[in-house]
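Trainee: I am new to this structure. Please take one part and walk me through it closely.

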Amino acid sequence: MSSPTTSSPGTNPVIQFQNVRIGFEEGDILRGVSFRLEERETLVLLGETGVGKTLSLKLAAGLLRPSAGSVQVLGKEVSTMREKDLLDFRRHVGFVFQESALFDSMTVGDNVAYRLLEDRVADDQIEPRVREALRFVELEHTMDLVPSELSGGMRRRVSIARALINQPPIVLYDSPTAGLDPVTSQTIITLILRLRDVYGVTALLATQRLQDGFALANFRFDPATNRVLHSPSNGDTAGAKMAATRFLVLRDGGVYFEGGQAELAATKDDYLKRFLV
Ligand SMILES: Nc1ncnc2c1ncn2[C@@H]1O[C@H](COP(=O)(O)OP(=O)(O)O)[C@@H](O)[C@H]1O
Ligand SMILES: [Mg+2]
């Protein structure tokens, strides 16, 4: 293992980056990034704009290939996977894109159904599953609307419904609260908590808002009472075997910090402190 990590060794990582590099004509953006995620963990990816958060998510989803290094997801090497196998692989990974990325000309229901249509799921199964996914984000009533009739926060919720339609074990969230007001952001974070604590998804979440990460670390969703409960141990990898939240800060192409909430909140490092304000 080349990466510093607080995860217990010996378990099978769900996602593992090893010395990943990727760049464009202007130069390399990621220059040797390593990290791993265990089942049901949430890794909060922080860093300034342009540092490579979205690229990291796209690499994990097999939408991009690294120029060097290894990207393993669910035990498979994604970086060298053939296109045909990538199509199959991507079914296991839900992706909530930063701009929601909904098809404007399609209804909400058809947007959410998209993957099921691609997978040739039988017609009579599609509508109930779309309704279930939309019910999860409390937007069943918008099924026949088009995205332009929804607010930004509702569109984000539809894109979460679309990502969870085939119950993927992994969900990648790209800045899911960017551009949303605090109340709407809270709704999105609660949904992310529910997906984690009801379905047990493993998540990689890019954000510029550290408070999103702290909310994931400090709260859990209790399916029995349908409520969000304070649960500080989520941020402590050692104490929480179900839903640990860890933080990773990217800077200058590398991993600048990796650790738990308590460690990040108590940092004396001037650069890290900038994320805490
Ligand atoms: N397809 C591409 N071609 C050229 N440059 C790209 C491409 N995709 C991303 N980049 C560049 O890579 C850098 C990192 O991008 P990104 O991962 O989107 O950053 P972040 O999400 O952290 O803001 C940016 O400077 C961006 O301009
Ligand atoms: Mg981005």
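**The ligand site and the sheet**

Mentor: Start with two strands. Strand 3 (residues 42-46) and strand 11 (residues 245-251) pair in the parallel sense, over five bridges. Look at Leu 45: its bridge partner in strand 11 is Leu 248. Keep in mind that this is a predicted model.

Next, go to ligand 1. The residues within 4 Å of ligand 1 are Phe 24, Glu 26, Ile 29, Glu 48, Thr 49, Gly 50, Val 51, Gly 52, Lys 53, Thr 54 and Leu 55. By type, this shell has four nonpolar, four polar and three charged residues. Helix 1 (residues 53-60) gives the most to the shell, with three residues.

Now zoom in on oxygen atoms of ligand 1. A polar backbone atom of Gly 50 is 2.7 Å from one such oxygen atom. For Gly 52, a backbone N or O atom lies 3.0 Å from an oxygen atom of ligand 1. Thr 54 uses its side chain: an N or O atom there is 2.8 Å from a ligand 1 oxygen atom. Finally, consider the cover. Ligand 1 taken alone exposes 560 Å², and the protein buries 59% of that.

Notes: Residues are numbered from 1 along each chain as its sequence is written. Chains are lettered from A and ligands numbered from 1 in the order in which they are written. This is a predicted model: local features need pLDDT of at least 70, side-chain atom pairs count only at pLDDT 80 or more; totals for chains, interfaces and linings use all residues. Side-chain values use heavy atoms; hydrogens and water are left out. Two strands pair if DSSP finds at least two bridges between them. Helices (H or I, at least four residues) and strands (E, at least two) are DSSP runs, numbered from the N terminus. A polar contact is a pair of N or O atoms within 3.5 Å; within protein, one must be able to donate a hydrogen and the other to accept it, and residues adjacent in sequence count only if both atoms are side-chain atoms. Accessible areas come from the Shrake-Rupley method with a 1.4 Å probe; for residues, only the protein chains shown count as cover. Ala, Val, Leu, Ile, Met, Phe, Trp, Tyr, Cys and Pro count as nonpolar, Asp, Glu, Lys and Arg as charged, and the others, Gly among them, as polar.
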